Amino acid sequence: MIAGLLLGASAPAYWVVQVIAATGGFFGGFEHHGWRPGLVRGVTGGLLYGAALLAVRALTGWTDTVDLGGVPGLLVVITALAGAVAGALGGAMRARR
């Protein structure tokens, strides 16, 4: 929700929240043993994160401070892919430990 609000309020703050979310995706994957379950967790988290971000964006109706490339729905795909990578890395690191 915060990222969706920041999308229309402050580009630098939006990007800071994106980094925090990616870090959270890594540590979410770290809760699983192996990259596959971490990947599943990351995809799920990324889909939910991207969908919630776009829902808040639509509800506020604010003008975006970050260019979403003309296809806002693509953001959900990007967050799912980023979540998959972060979660898989976290799961793989957990398996190695």
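Three helices each supply at least two residues to the lining of the largest pocket: α2 (11–29), α3 (35–60) and α4 (74–96). Keep in mind that this is a predicted model. The largest share of the lining comes from α2, with 8 residues. In total, 25 residues line the largest pocket. The space inside is about 480 Å³.

What classes of residue make up the lining of the largest pocket? There are 14 nonpolar, 9 polar and 2 charged residues. Nearest the centre of the pocket lie Gln-18, Tyr-49, Thr-79, Ala-82 and Gly-83.

Take Thr-79 from that group. Thr-79 sits in helix α4. Is Thr-79 buried or exposed? Its relative accessible area is 11%, and the cut-off for buried is under 20%, so Thr-79 counts as buried. Its side chain reaches the backbone oxygen of Val-76 at 3.0 Å. Leaving aside residues up to four places away in sequence, Thr-79 touches Gly-46, Tyr-49 and Gly-50.

Now α3. Its buried residues are Gly-38, Gly-42, Gly-46, Gly-50, Leu-53, Leu-54 and Val-56. Those buried residues pack against α1 (2–7), α2 and α4.

How far apart are the end C-alpha atoms of α3? They are 37 Å apart. With 26 residues at 1.5 Å a residue, α3 should span 38 Å, so the two values agree. After α3 comes Gly-61, with a positive phi near 75°.

That's the tour. Over to you for discussion.

Terms used. Residues numbered from 1 in each chain as written. Predicted model: local features only at pLDDT ≥ 70, side-chain atom pairs only at ≥ 80, totals over all residues. Heavy atoms only, no water. 1 Å grid on protein atoms, 1.4 Å probe; cavity = no way out; pocket = protein on both sides within 12 Å on 5 of 7 lines; lining within 4 Å. Points joined across faces, edges and corners; volume = space filled by probe spheres on them. Helix = DSSP H or I, 4+ residues; strand = E, 2+ residues; numbered from the N terminus. Nonpolar A, V, L, I, M, F, W, Y, C, P; charged D, E, K, R; others polar. Expected span 1.5 Å × (residues − 1). Buried < 20%, exposed > 50% of the residue type's maximum accessible area, 1.4 Å probe, protein only. Contact = heavy atoms within 4.5 Å. Polar contact = N/O pair within 3.5 Å; in protein donor to acceptor, adjacent residues only side chain to side chain.
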